[in-house]
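Welcome, and thanks for taking a look at this one. Please have the viewer open while you read the briefing below.

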Number of protein chains: 2
Amino acid sequence: MKIAVLGTGGGARAHIAKLAELGHEVHVGTRDPKATLARTEPDMMGTPPFATWLADHPGIELHTFADAAGHGELVINGIDGRNAVAALSAAAEQLAGKTLVDYAVPYVYNPDVEHPWPTPWGTMPKLDPCDTDSLAEQIQRTVPAAKVVKAFVTQEQDTVVDPQKAGAGEHTMFLAGEHADAKATVTDLLTAYGWTDILDLGPLVAARGMEMYAHMHSAIGFALGFGTPFGIKVVR
Amino acid sequence: MKIAVLGTGGGARAHIAKLAELGHEVHVGTRDPKATLARTEPDMMGTPPFATWLADHPGIELHTFADAAGHGELVINGIDGRNAVAALSAAAEQLAGKTLVDYAVPYVYNPDVEHPWPTPWGTMPKLDPCDTDSLAEQIQRTVPAAKVVKAFVTQEQDTVVDPQKAGAGEHTMFLAGEHADAKATVTDLLTAYGWTDILDLGPLVAARGMEMYAHMHSAIGFALGFGTPFGIKVVR
């Protein structure tokens with residue numbers, strides 16, 4: 001299958017590598033391919049430059065966001081929450097009729113708040129939108145002809161592509177969206193990733209809960225120790 | 001142990017009954033005991049009047065919030081989020097030096113929002129505070145001499161007092177707070193309730209994640225079907 005991954009950060013790379021390993025034709029999108037390839041320094045998260053990574057992953061094509069979306073039958077949005085709506089809006093034509101999986105948390109970094117939450121890397125980002133709207137709903141309103149599915153948002157992306165990293169893979173993946181066929185496509189992909197417990201939370205509005213879970217995910221991560229792979233299992 | 005439960009709703013009743021069953025001396029607090037006992041109609045959630053319930057649970061004493069807090073060595077706050085800060089502020093003297101467990105979600109009902117979330121019972125309430133503050137932190141700032149522990153907030157209260165209701169009880173209870181001795185007291189209580197996996201999320205700021213999980217909890221509940229008992233297990 002032709003799959004576009006928009007974004008070149010650590011999370012996007014986990015999907016790109018796994019999809020290539022599964023035999024898919026992967027098209028990667030970035031704002032400015034030349035600038036992305038010219039970068040030689042690690043980013044703010046310490047992720048090595050994309051050109052270095054790409055050299056170890058032959059056969060991956062790098063395009064603009066819109067061109068990558070045009071090549072994909074399925075599109076995975078790995079653009080950070082702050083920039084996703086604008087970038088996807090510019091690719092609306094190429095996204096029409098396609099399944100668009102969004103896993104971004106709409107973080108606002110360095111927030112100026114009265115009661116900051118200190119974390120190992122600075123102040124906890126705040127969420128915008130939050131509570132009465134979600135990034136996934138904003139994206140669906142921005143590209144109404146795409147079929148947005150919120151998924152992959154309640155785990156680190158290296159656990160998303162390899163659920164066995166945590167426990168024996170006995171945890172739950174969540175998805176939400178308005179389009180049953182798109183959710184079926186994402187469920188097939190998740191099954192190929194190794195997921196066995198996939199819970200459909202229903203309409204896209206459930207993405208509010210999935211995105212807001214980010215602070216709970218961080219708190220659990222701090223408690224277990226940074227870098228410990230984990231997931232949550234819905235026990236019923 | 002002398003334990004005060006502030007509140008007379010369905011969640012508070014689950015704790016009152018279980019604590020009495022465990023042999024504790026339970027003191028129940030309400031705004032106006034006479035008014036509470038005079039009520040003869042079910043509340044907005046369909047919960048029967050407290051006087052009816054009390055008739056089936058002999059030996060339970062009903063007081064004002066402050067008097068109940070004064071009797072308790074450990075205090076459980078079951079006052080709804082909208083009224084908790086004001087009510088606990090009025091009982092600050094009686095709460096000084098005591099462990100105060102808060103399980104409230106700071107819901108604002110009937111919110112006027114641009115993109116409402118329809119639920120089986122109307123529009124999803126919004127959260128206030130949210131993201132950059134939490135009700136638990138507000139309560140700790142309001143009664144600084146109390147030892148606030150956020151707990152019991154990621155499950156229905158009938159599951160909190162009986163974790164075996166979901167799966168075989170193989171799910172996780174979370175707590176957070178600034179006072180290690182208070183967290184140890186709450187851990188002992190949870191162990192008596194039957195919990196085996198209790199994860200300390202650290203400082204009280206983690207309550208933001210626990211309270212914001214409410215929307216994820218609702219979405220999972222809708223997906224499983226209203227009334228299905230469930231919990232989440234941190235798989236690591």
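How many nonpolar, polar and charged residues does the lining of the largest cavity have, by class? The lining has six nonpolar, four polar and three charged residues (Ala, Val, Leu, Ile, Met, Phe, Trp, Tyr, Cys and Pro count as nonpolar, Asp, Glu, Lys and Arg as charged, and the others, Gly among them, as polar). This is a predicted model, where local features need pLDDT of at least 70 and side-chain atom pairs count only at pLDDT 80 or more, while totals for chains, interfaces and linings use all residues. Residues are numbered from 1 along each chain as its sequence is written, and chains are lettered from A in the order in which they are written.

**Cavities**
- On a 1 Å grid over the protein atoms alone, a cavity is a set of points where a 1.4 Å probe fits but cannot get out, and lining residues have an atom within 4 Å of a point.
- The count comes to two cavities of 30 Å³ or more.
- The largest cavity, with a volume of about 50 Å³, is lined by 13 residues, of which A:Asp131, A:Thr132, A:Arg208, B:Met124 and B:Pro125 lie nearest its centre.
- The second largest cavity has a volume of about 40 Å³, and its lining includes A:Trp117, A:Met124, B:Asp131 and B:Arg208.

**Helix packing in chain B**
- Helices H5 (residues 81-89) and H7 (residues 135-142) of chain B pack at an angle of about 10°, with axes 9 Å apart.
- H5(B) and H7(B) are therefore roughly parallel (angles under 35 degrees).
- Contact (heavy atoms within 4.5 Å) involves, among others, B:Val85 and B:Leu88 of H5(B) and B:Leu135 and B:Ile139 of H7(B).

Terms used. Side-chain values use heavy atoms; hydrogens and water are left out. Axes are lines fitted to C-alpha atoms, for helices over the stretch in contact, and angles run from 0 to 180 degrees between N-to-C directions. Helices (H or I, at least four residues) and strands (E, at least two) are DSSP runs, numbered from the N terminus. Angles under 35 degrees count as roughly parallel, over 145 as roughly antiparallel, 65 to 115 as roughly perpendicular and the rest as oblique. On a 1 Å grid over the protein atoms alone, a cavity is a set of points where a 1.4 Å probe fits but cannot get out, and a pocket is an open set with protein on both sides within 12 Å along at least five of seven lines; lining residues have an atom within 4 Å of a point. Grid points are joined across faces, edges and corners, and a volume is the space filled by probe spheres set on the points.
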